[in-house]
Amino acid sequence: MGDILGMLFIRGIIRSVGLCTRFFWFQAIGHKRTLKSLSNSVKDDYKDMGKAIGQDFCNAAVGAVMSFLITLMILYIFVR
């Protein structure tokens, strides 16, 4: 049971990091996007499902890369 909760916790962290990273990236380059537009929330379950899955995948991919880079930076600081 602890493994499942751990995976869900890590999944949530990675997607949150990806969402915030994408939001700050769009703010930095001058595109006005909201957190809701970058999340996987939908208005119509049938029409918007493809967009929601795409946004969730982007959040997961960016979050995984950023989490990996943050972990490497932390390890570099402590090992050095």
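**Entry 1, ground rules.** I am working with a predicted model, in which local features need pLDDT of at least 70 and side-chain atom pairs count only at pLDDT 80 or more, while totals for chains, interfaces and linings use all residues. I number residues from 1 along each chain as its sequence is written, and side-chain values use heavy atoms, with hydrogens and water left out.

I took helices as DSSP runs (H or I, at least four residues), numbered from the N terminus. I looked up α1 (residues 2–29) against α3 and found that their axes come within 7 Å and cross at roughly 95°; the axes are lines fitted to C-alpha atoms over the stretch in contact, with angles running from 0 to 180 degrees between N-to-C directions. The two helices, α1 and α3, are therefore roughly perpendicular to each other, a label that covers 65 to 115 degrees. For the contact (heavy atoms within 4.5 Å), I noted that α1 contributes residues including Ile14, Val17, Gly18 and Leu19, and that α3 contributes, among them, Cys58, Ala60, Val62 and Gly63.

How many salt bridges does the structure hold? I count 2, taking a salt bridge as a side-chain nitrogen of Lys or Arg within 4 Å of a carboxyl oxygen of Asp or Glu. In one of them the side chains of Arg11 and Asp56 meet at 3.9 Å, N to O. Because Arg11 lies in helix α1 and Asp56 in helix α3, this pair ties together parts that are 45 residues apart in sequence. The side chains of Arg15 and Asp56 also meet in a salt bridge, at 2.9 Å, N to O, and here too the pair links distant parts of the chain, with Arg15 in helix α1 and Asp56 in helix α3, 41 residues apart. I therefore record Arg11, Arg15 and Asp56 as linked in a network of salt bridges.

Is Asp56 buried or exposed? At 16% relative accessibility, Asp56 counts as buried, where buried means under 20% relative accessible area, exposed over 50% and partly exposed in between, with a 1.4 Å probe and protein chains only. Arg11 is partly exposed at 42%, and Arg15 is partly exposed at 24%.

I then turned to the nonpolar surface, where Val65, Phe68, Leu69, Leu72, Leu75 and Val79 form a patch with about 590 Å² of accessible area together. Patch members have over 30% relative accessible area and no salt bridge, and nonpolar side chains are joined within 5 Å; the areas come from the Shrake-Rupley method with a 1.4 Å probe. Leu69 has its place in helix α3 (residues 49–79) and is partly exposed, with a relative accessible area of 41%.

Ile10 is found in helix α1 and is partly exposed at 46%; its C-alpha atom is separated by 10.0 Å from that of Ala64, 54 residues apart along the chain. Phe57, in helix α3, is exposed at 59%, and Phe57 and Ser37 are 20 residues apart in sequence and 14 Å apart in space, C-alpha to C-alpha. Asp44 has its place in the loop between α2 (35–38) and α3 and is partly exposed at 31%. Asp44 and Gln27 are 17 residues apart in sequence and 27 Å apart in space, C-alpha to C-alpha.

Terms used
Patches are made of residues with over 30% relative accessible area and no salt bridge: like charges are joined within 9 Å, nonpolar side chains (Val, Leu, Ile, Met, Phe, Trp, Tyr) within 5 Å. Angles under 35 degrees count as roughly parallel, over 145 as roughly antiparallel, 65 to 115 as roughly perpendicular and the rest as oblique.
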